[in-house]
Amino acid sequence: MASSTLAQPYTITQDTADLTPLTAPTAVSLADDQTAGPFNIGFDFNFFGTTYSEFWISSNGFIAFENTSNGCCSGQLIPNSGQPNNMIAAFYEDYDPPEGGTVSYSLEGNIVGARSLIIEFDQIYPWNGPPKTPSTWQIKLQECTNIIEIHCESCVSDGGSHTQGIENAAGDDAYFVAGRNSTDFSLTDDQVIFDPDLVTCQAETPEPALPVPTLGTLSALLMTLVLLIIGTIVLRRSAA
């Protein structure tokens, strides 16, 4: 499901960050050159001015917000009106998940408005080779802020053309770091953040936890209750 608003520009920042451990991952079985989905994001996510609730995963290193091409067999130069479009490319090239590794996703966080969807490619082998060196990365979508993070723990080129970036549904607008658009590159412990500066909701404030009575507190309450009972008895006898 999708709904449109005004398109938003993105600001790109680079950093280093560790991968986020997945608490309850859902494994996705992918054949070579396959796009699977749709899967639920778990919240509404705004991408290039359109709000989505579902996504697809390509075996070739990207996710999309429509059932687009699997992207075989090289990282496409973006922007490009040809499919795949409407996508977030982490390390898009030609991969072969059946050869080893896992692809999974997980909704992380317990506070509505502060959750994130994480898609992980863990130790996925390229189709080209030998030699074949597996790569590991995550794509993270942030609820409400609509921020996109790409974390490359170990993205190893096989000598082909790789693409990392985001592209809109029409294929006429894209954002990427220079030197990472349909070219040969490798990354280690790398993080790229795409920020649309578009907050579409607010995180819920969790209810404060009720204090747990201590033994001392219970003893004081019991003593007070006893004194009240004794006082009531004394008053009644006095009245009599």
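Colleague: What makes Asp190 and Arg180 a salt bridge?

Modeller: A salt bridge is a side-chain nitrogen of Lys or Arg within 4 Å of a carboxyl oxygen of Asp or Glu. For Asp190 and Arg180 the closest N and O atoms are 2.9 Å apart, so the pair qualifies. Asp190 sits in strand β15 (residues 187-195) and Arg180 in the loop between β13 (174-175) and β14 (181-183); strands are DSSP runs of E, at least two residues, numbered from the N terminus. Please bear in mind that this is a predicted model, where local features need pLDDT of at least 70 and side-chain atom pairs count only at pLDDT 80 or more, while totals for chains, interfaces and linings use all residues. Residues are numbered from 1 along each chain as its sequence is written, and side-chain values use heavy atoms, leaving out hydrogens and water.

Colleague: Why is Asp190 called buried?

Modeller: Buried means under 20% relative accessible area, exposed over 50%, and partly exposed in between (1.4 Å probe, protein chains only). Asp190 has 10% relative accessibility, so Asp190 counts as buried. Arg180, at 8%, is buried too.

Colleague: And what makes Lys132 buried, exposed or partly exposed?

Modeller: Lys132 has a relative accessible area of 27%, so Lys132 is partly exposed. Lys132 forms a salt bridge with Glu99, with the closest N and O atoms 2.9 Å apart. The pair ties together parts that are 33 residues apart in sequence, because Lys132 lies in the loop between β9 (116-124) and β10 (135-142) and Glu99 in the loop between β7 (87-92) and β8 (102-108).

Conventions. Helices (H or I, at least four residues) and strands (E, at least two) are DSSP runs, numbered from the N terminus.
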